Amino acid sequence: MSRTVSSWILSSARSSIILQGKGRCYSIRIPTRNRIKWKLVFSKTYPYSAGSCSLDRTFSFPKAFRHTSTEEEHFSFQLSPAQINDILRAGELSHRTLDLHGRNTSSVLRFESNQLASNSPIEDRRSAATCLQTAGMMFGVFDGHAGAACAQAVSERLLHYIAVSLLPRQSLEEIELAVEAMKPVRPILQWHRHPNDVEYQEITSQYFENLRVYWQHLLDLDAEPGFSLEEAMICAFKRLDSDISLEVQAPQENELMRNIALQVAFSGATACVAHIDGVHLHVANTGDCRAVLGVREEDGTWSTLPLTRDHNAYDEFEIRRLKREHPRSEEKTLFVNDRLLGILMPSRAFGDVQLKWSKELQHSVLENSCDVEALNIYQYVPPNYHTPPYLTAEPEVTYHKLRSKDKFLVIASDGLWEMLSNEKVVQLVAGHLTELNMQKPPLTFKKPVNLGYMHNLLLQRKSKGLASLDQNIATHLIRHAIGSNEYGEVDPEKLAAMLTLPEDLARMYRDDITVTVVYFNSETIEDYYRNH
């Protein structure tokens, strides 16, 4: 990005006319690609200190190089390459799948993930876990809006709901007996988390109790639950969203827990979760996160296989679905300016009870709550709000049987897909794999081999430029998403400018970005087909 473009960004921000209302902020300068999911943007200042229900304790990235306002006198877009790398790599997470003997027999070879904030604090979340009492691994990306509370809660809870849905009756009975006897419960999931990922510790016990009510419900069924994986994912999504709605309606003496429940229910989150068990890949999607498969064809070329549809006003299936669910008199008001009821970009999401509850229920809950304005919660009923619910968390589930030519899966929030096409993302991952392999010279041994000789060889390989390349593919994608010029190359000046955009301006130019890339083990997949 040239200095001229950088100066234009700054001057355009300073010349914007901002109209401030009660807890809301409107600007008459609307960017061409308006990425704000809620048309009414509530300010994100939370009145609670650490240890209360403040969302500021959620994962945040280094802000040493980021301006807080366009009004600062000494405003600069300058960052050194090392500073850029520090910001981009702060949220990196990677994990290689190995068994107890150090071997990889899973169809998942490894995964790499990263996040970059635009909002402060970031509203995206991610999850990754290995199923311990059933087979498989799960990966989730959650894109929050109107705050981070709902995405935080869903990222903590949804994978547990899916795992419980998949357990056989005997396992559910064993868990229930252990809880009744106040004995330790065998863990259901092994989480793979970033060191800075946090949980709502204050409300963990309530979340567990509601999960217990869910598995008790499964035990009350006359027969073995016997869900297929698709049914389990759909049931888990819907049940969790129902629990979020009921928790905020239930009487709660603890003010902190009630405030968290309010923030979770009145904010929202889209979700995309992949479950991988051997060659069986299921992807459940609610909203506009996206999952894309990278496929290497026999001739060496790469192709793209989308596994999700964006649930919004641009999808004909979603438009038809909503028209079926509401009277014909509302056909012209369901989507206004490409938003659900003129308010929300995605047409499926967790939370967002403003678009699910009746007007009377909203009024009743908020009237009996504490200072909801301090929580940035406002009762806003859009025009033409006649037959709720207008929003659902029910996911669309796609099944794909993995082949040896399926090399990786990319799951990301819409902050990535707004910047890069499916094809460009697959091309970047494939190119990154090739470049990494080219920069890793083969280890040639001279006999006799000893540890000192091996150590020197490894040091030589490391010194041949590997450090200059992003080792984490998610970082590589984020770098290109915000820093690419019109030729598809990373422009250092543009990258620095996008990373130093002040908090009151960044959201106009980019969204929070969360990316998880799962690499498949081609040998394990080939073995499956040989044995079957």
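Mentor: Start with contact: it means heavy atoms within 4.5 Å. Helices (H or I, at least four residues) and strands (E, at least two) are DSSP runs, numbered from the N terminus. This is a predicted model, so local features need pLDDT of at least 70 and side-chain atom pairs count only at pLDDT 80 or more, while totals for chains, interfaces and linings use all residues. Residues are numbered from 1 along each chain as its sequence is written, and side-chain values use heavy atoms, with hydrogens and water left out.

Trainee: How many helices and strands are there in the chain?

Mentor: The chain has 16 helices and 18 strands. Of the 532 residues, 53% count as buried. Among contacts between residues at least 6 apart in sequence, 75% join residues at least 24 apart.

Trainee: Which residues of helix H9 are buried?

Mentor: In H9 (residues 359–367) they are Gln362, Val365 and Leu366. An α-helix has 3.6 residues a turn, so residues three or four places apart point the same way. Seen down the axis of H9, the buried residues fall within an arc of 90° (taken from the directions from the helix axis to the C-beta atoms), so they line one face of the helix.

Trainee: Against which helices do the buried residues of H9 pack?

Mentor: They pack against helix H6 (229–249) and helix H7 (255–266). The face of H9 turned away from this buried side carries the exposed residues Glu360 and Glu367.

Trainee: How many residues does the largest nonpolar core have?

Mentor: It has 60. A nonpolar core is a set of buried Ala, Val, Leu, Ile, Met, Phe, Trp, Tyr and Cys residues joined through side-chain atoms within 4.5 Å. Leu158, Ile162, Leu262, Phe266 and Phe350 have the most contacts inside this one. Helix H3 (residues 149–166) gives the largest share, 12 residues. A second, separate core of 35 residues includes Ile87, Leu116, Leu433 and Ile473.

Trainee: What does Leu158 touch, residues up to four places away not counted?

Mentor: Phe142, Ala236, Phe237, Leu240, Ala271, Val273 and Phe350.

Trainee: At what angle do helices H2 and H13 pack?

Mentor: H2 (residues 81–88) and H13 pack at about 115°, axes 10 Å apart. Axes are lines fitted to C-alpha atoms, for helices over the stretch in contact, and angles run from 0 to 180 degrees between N-to-C directions. Ile84, Asn85 and Leu88 of H2 meet Thr475, Ile478, Arg479 and Ile482 of H13.

Trainee: Is Asn472 buried or exposed?

Mentor: Asn472 is buried, at 5% relative accessibility. Its place is the loop between helix H12 (451–462) and helix H13 (473–483). Now look for polar contacts. Such a contact is a pair of N or O atoms within 3.5 Å; within protein, one must be able to donate a hydrogen and the other to accept it, and residues adjacent in sequence count only if both atoms are side-chain atoms. A polar side-chain atom of Asn472 lies 2.8 Å from the backbone nitrogen of Ala474. The backbone oxygen of Leu93 is 3.4 Å from a polar atom of the Asn472 side chain.

Trainee: Which residue caps the N-terminal end of H14?

Mentor: Asp491 does, with a side-chain oxygen 2.9 Å from the backbone nitrogen of Glu493.

Trainee: What is omega for the peptide bond of Ser120 and Pro121?

Mentor: Most residues other than glycine have a negative phi, and most peptide bonds are trans. The bond joining Ser120 and Pro121 is cis, with omega about 0°. Pro121 sits in the loop between strand S5 (108–116) and strand S6 (124–131). Pro388 and Pro389 are also joined by a cis bond, omega about 5°.

Trainee: What is the phi of Leu341?

Mentor: About 55°, positive although Leu341 is not a glycine. Leu341 is buried at 6% relative accessibility. Phi of Asn384 is near 60°, again positive in a residue other than glycine. Asn384 is partly exposed, with a relative accessible area of 35%.

Key:
Buried means under 20% relative accessible area, exposed over 50%, partly exposed in between (1.4 Å probe, protein chains only).
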